[in-house]
Amino acid sequence: MNLKLLFISTFLGVFCYSNAQKEGNECINANAKYCGECIQAGAKCGWCKDPNFLKQGETVSTRCDELQSLIKRGCAEAEIENPHGTHKIIKDKPVTNRSKGAEKLKPEDITQIQPQKLSLTLRSGEPQSFNLKFKRAEDYPIDLYYLMDLSYSMKDDLENVKNLGTSLRVEMSKITSDFRIGFGSFVEKTVMPYISDQNCTSPFSYKNVLKLTEDGKKFNTLVGQQHISGNLDSPEGGFDAIMQVAVCGEQIGWRNVTRLLVFSTDAGFHFAGDGKLGGIVLPNDGKCHLENNVYTMSHYYDYPSIAHLVQKLSDNNIQTIFAVTEEFQPVYQELKNLIPKSAVGTLSANSSNVINLIIDAYNSLSSEVILENSKLPEGVTIAYTSHCKNGVVSEGENGRKCSNISIGDEVMFSISVTSKGCPKQGKPETIKIKPLGFTEEVEITLNFICECECHKEGVKNSPKCHFGNGTYECGACKCNEGRVGRKCECSSNDVATEDMDRTCRKDNGTDICSNNGDCVCGTCECKKRDNPEERYSGPYCECDNFNCDRSGNKLCGGHGRCECRVCICDPMWTGSACDCSLDNSTCMATNKQICNGRGTCECGICKCTNPKFQGPTCETCPTCPGVCVEHKECVQCRAFGTGEKKDTCEQDCSYFHLIKVKDRDKLPQPNDASYPLMHCKERDTNDCWFYYTYAVNNNTEKEVHVVETQGKQKAGLT
């Protein structure tokens, strides 16, 4: 590789590593001045409250670090503040197991989500999780309110709706034994242009014709008494009507059960801003304005916005079914995408299919559960994981919902709540989670860990903090306002003066704090390094823990720690880089002698006194008499498969590496090798000569070169 490129890539690697270290240690980056501030920095952060923990020159914020780093630096675990969050279930009523035809229960006695109430204690950055169970109850009560456009174009539709009450009740009885139905109508604001003839009533914004009732015949009777109206423009004022149906719970008669709103029209809709056509500029206030079941403020307030409607429908757990003609399907399909838990069905020209439409839409809505939560406090996040039917698991936004849920099905959601820091007040907060379109909800109280336990034992105006200028807590001084310094010994107005700087210069030199720190109140406070593992220390920041000798590219050889640029070695290690082992076991020979008595053990390695001897324990002498005879039998069995050891060759003779050569000229020569070499000539069992060399190479491996063919003449005849 090009040297320039190598340098750049190395530099970038070091730079990225340093920055990753810096960005990764949120504890050090927090620059915490007290324990509570430290534990809010992240879940990995701990605070060492040992009064004697800091080295001279280290700032108070150095007490805040990751746990393993604190322990490594000498803080006992018992001296580390590291609180953990908890969760506690307060109300855990089981979901209802009930079949249709069983004893009738009140809506408030039916449970579809579990648990109902719990308390979470949150430590910053540490998630608290719990499971939420949802079971779609059988024979669950339903309230259905039919809201119909009574403009002139809906004349034939009205005829078909007149018998809707009894017919729909029959069909809904297949789903629930507790069903109520209501009816309302709308046309347009009274200030908007309209027309009428002898068969049309004057336009109106919204009428609540029939409060929710179990009497289907009464529904038929009252609907039969309705008359159509007319207006000039095509869009209608249905949004005014939807808003009143949503917020006028008492007048409509909504119960805490499944609430369905069927919105039937063959036209588009007006929304916020269109009221200007009639001179109306005040935004819709989202409140109930029914008098004698008629909306009285249509001339005063503008139409609601879509977002406003979404909020009110969600707040009141109303699921909307848009029953619209085919012409306006695309418009209401887009509207459905903006309104959670809503459905769109195609209405025939005369509404003859309205019952099937409602049943299909209800089945579609009730087969899906979507969780939503109330507004979260600042810094709090929530994550959902759904465990749906057939082992389907989803996360993120899809983790909020499960589809294709049949009556009696049970699904599970894993919910994780995390806080970053503490809310400004630090007081408990309450959030709620509920399935969209259902009245049941989970109430969660959030408590926040904003201070350490040792904070409770803090001593205000402590004499340890320079004549009471601070609170002594968790092993350090938390200075009063206007005071600074490790012991609050200075006024913030006097943190840097020439007189104080004098005490920060080592040996009356010119460098303040060795150029590695700042002089604060006449005391050096050392700078922080990009790498959180590296630190300056000392009364003048003259020491550091990263400029010691290295071995094997490791600081202090990996066998010690660096203190003030000197390696403090671990037991059994010595040397300036702690790379010399004092363990003699690696030099011990099989005869229990150090280096076989032929050398000395230096840093765990034998130094043989006689250069003829080699090996880890000076055990071999390749050029000594008797070497050839010693290895003869093994060379013979390995090379030719003969000799006394041919049957035990594998287990007895695998201690050397065998290399075959074609003739004697190919054998290595003493002058060619950088290590001692012994030439051997021995007889085999057939009284033939064979030739080989024996050596221990520079890697302390035993090596044998042998001529692959034996001498063809008998010994003594050559």
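Trainee: How far apart should the ends of helix α12 be, given its 13 residues?

Mentor: Please bear in mind that this is a predicted model. Helix α12 covers residues 354–366, and at 1.5 Å a residue its 13 residues should span 18 Å. The C-alpha atoms at its ends are 18 Å apart, so the expectation and the model agree.

Trainee: Which residues of α12 are buried?

Mentor: A residue counts as buried under 20% relative accessible area. In α12 this holds for V354, I355, L357, I358, I359, A361, Y362, L365 and S366. These buried residues pack against the strands β8 (142–149), β11, β14 (318–325) and β15 (342–347), and also against helix α6 (164–172).

Trainee: How is a pair of aromatic rings described?

Mentor: Two quantities describe such a pair: the distance of the centres and the angle of the planes. A search of the whole structure finds 16 aromatic pairs. Y300 is partly exposed, because its relative accessible area is 40%, whereas Y301, at 14%, is buried.

Trainee: Which parts of the chain does the pair of Y536 and F546 link?

Mentor: Y536 and F546 are also edge-to-face, at 5.5 Å centre to centre and 75° between the planes. Y536 belongs to strand β29 (residues 536–537), while F546 sits in the loop between β30 (543–544) and β31 (550–551), ten residues apart. Y536 is buried at a relative accessible area of 12%, and F546 is buried at 10%. Elsewhere, one aromatic cluster is formed by F186, F239, F263, F269, F271, F322 and Y332.

Trainee: How many salt bridges does the structure hold?

Mentor: The structure holds 21 salt bridges. In one of them, E410 pairs with K133, their closest N and O atoms being 3.9 Å apart. E410 lies in strand β20 (residues 410–419) and K133 in strand β7 (residues 128–135), so this pair ties together parts that are 277 residues apart in sequence.

Trainee: Are the partners R180 and D143 buried or exposed?

Mentor: R180 and D143 meet in a salt bridge of 3.3 Å, N to O. The pair ties strand β9 (residues 179–186), which holds R180, to strand β8, which holds D143, across 37 residues in sequence. R180 is buried at 15% relative accessibility, and D143 is buried at 0%. By contrast, K456 and E453, another salt-bridged pair at 3.3 Å, are both exposed. Shared partners also join E58, D65, R73 and R535 into one salt-bridge network.

Trainee: What should I note about the backbone at Q114 and P115?

Mentor: A cis peptide bond joins Q114 and P115, with omega at about 0°. P115 is found in the loop between β5 (113–114) and β6 (117–122). Another backbone feature to look for is a positive phi in a residue other than glycine, as in N292, where phi is near 55°. N292 lies in the loop between β12 and β13 (294–295) and is exposed, with a relative accessible area of 77%. C541 likewise has a positive phi of about 55°, but C541 is buried at 0% relative accessibility.

Trainee: Which residues make the nonpolar surface patch of about 290 Å²?

Mentor: The patch is made by V281, L282 and Y300. V281 lies in the loop between β11 (258–265) and β12 (290–291), and at 62% relative accessibility V281 counts as exposed.

Key:
Residues are numbered from 1 along each chain as its sequence is written. This is a predicted model: local features need pLDDT of at least 70, side-chain atom pairs count only at pLDDT 80 or more; totals for chains, interfaces and linings use all residues. Side-chain values use heavy atoms; hydrogens and water are left out. Patches are made of residues with over 30% relative accessible area and no salt bridge: like charges are joined within 9 Å, nonpolar side chains (Val, Leu, Ile, Met, Phe, Trp, Tyr) within 5 Å. Accessible areas come from the Shrake-Rupley method with a 1.4 Å probe; for residues, only the protein chains shown count as cover. A salt bridge is a side-chain nitrogen of Lys or Arg within 4 Å of a carboxyl oxygen of Asp or Glu. Helices (H or I, at least four residues) and strands (E, at least two) are DSSP runs, numbered from the N terminus. Buried means under 20% relative accessible area, exposed over 50%, partly exposed in between (1.4 Å probe, protein chains only). The expected span of a helix is 1.5 Å times one less than its number of residues. Contact means heavy atoms within 4.5 Å. Rings of Phe, Tyr and Trp (its six-membered ring) pair if their centres lie within 6.5 Å; planes under 30 degrees apart count as stacked, over 60 as edge-to-face and the rest as tilted.
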